[in-house]
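Hi everyone, thanks for coming. I'd like to start with a single residue today and then step back to the whole chain. Here it is on the screen.

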Amino acid sequence: LSVGAVMAIAAAVAATRLADGGGLALAIVPALAAGALVGGLNGWLVARERIQPIVVTLATLIAGRGVAQVISDDGQLVAVREAAFLALGRERLGPVPVPVLVATAVVAVAAFVLARTVTGRHVLAVGGNPVAARLAGVPVTRTLVTVYVTAALLAALAGLLEAARLGAADAAKIGLNIELDAIAATVVGGTALRGGRATIVGTVLGALVLQVIATGFNMLLVPYAWSLAIRAVLILLAVAVQRPPRA
């Protein structure tokens, strides 16, 4: 639930560093580090302190948004004028926008790790049944922390791309409610909420389906509220399809 807040924190850190005269590396590295710190905190609380994930990430969602506003001088809009940074969100390599290239690379690496590596098998095992995974010798705590840190790093990267695209960091708006879209795309894409089964390509397709619906409604001048209603229906249908058969 805290991915939107992590996006806002990363954008605020990068924008303020650039506003203070820091170079591109001095803006991006601290922003990613801040995201990893939030992910590590989430992972530690869930894996070591055994606090429910929804409670932990809800807390960091609320606190993280506040931290982002503090970093950006009480929620002020921080403009970005660094050309190299803006290129991350606005430039193209041939006909393909840079954010699309970044997303494609992330998807390719994630799909490979999940399907072809021991780490990917550990992630699925822990998601399906952490007790059985621990008895089978899987490092459950390390796997959970790794997943949370990775998710936060990717959210921080998304925040940087969004700030580069907009040309500013808005702590109150960047990543707002994006966690709902992330959950919806994941569920619609075929990942089981009960754990044990995940698909990166399916998640991408789920995100595209949701975006097509939103864009189509905008083009047809249909109120945005109807788009939200359709998303809710799709989530319920996806969960219903995944429900195990009754005995």
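Let's begin with Thr143, which sits in helix H8, the helix that covers residues 140–166. Please keep in mind that this is a predicted model.

Is Thr143 buried or exposed? Its relative accessibility is 8%, and the cut-off for buried is under 20%, so Thr143 counts as buried.

What does the side chain of Thr143 have beside it? One of its polar atoms lies 2.8 Å from the backbone oxygen of Pro139. Then, if we leave aside the neighbours within four places in sequence, Thr143 is in contact with His122, Val123, Val126 and Val138.

Now let's zoom out to the fold. The protein has eleven helices and four strands. Its radius of gyration is 19 Å, close to the 18 Å that the globule rule gives for 247 residues, so the protein is as compact as a globular protein of that length.

Of the 247 residues, 32% are buried, and Thr143 is one of the buried residues. The protein exposes about 13900 Å², with carbon and sulfur atoms supplying 69% of that area.

Last, the charges: there are 18 positive and 10 negative side chains, and the centres of these two sets lie 17 Å apart.

How values were computed
Residues numbered from 1 in each chain as written. Predicted model: local features only at pLDDT ≥ 70, side-chain atom pairs only at ≥ 80, totals over all residues. Heavy atoms only, no water. Helix = DSSP H or I, 4+ residues; strand = E, 2+ residues; numbered from the N terminus. Rg over C-alpha atoms; globule rule 2.2 N^0.38 Å. Buried < 20%, exposed > 50% of the residue type's maximum accessible area, 1.4 Å probe, protein only. Areas by Shrake-Rupley, 256 points an atom, 1.4 Å probe, with all protein chains shown as cover. Lys, Arg positive; Asp, Glu negative; His and termini not counted. Charge placed at Lys NZ, Arg CZ, Asp CG, Glu CD. Polar contact = N/O pair within 3.5 Å; in protein donor to acceptor, adjacent residues only side chain to side chain. Contact = heavy atoms within 4.5 Å.
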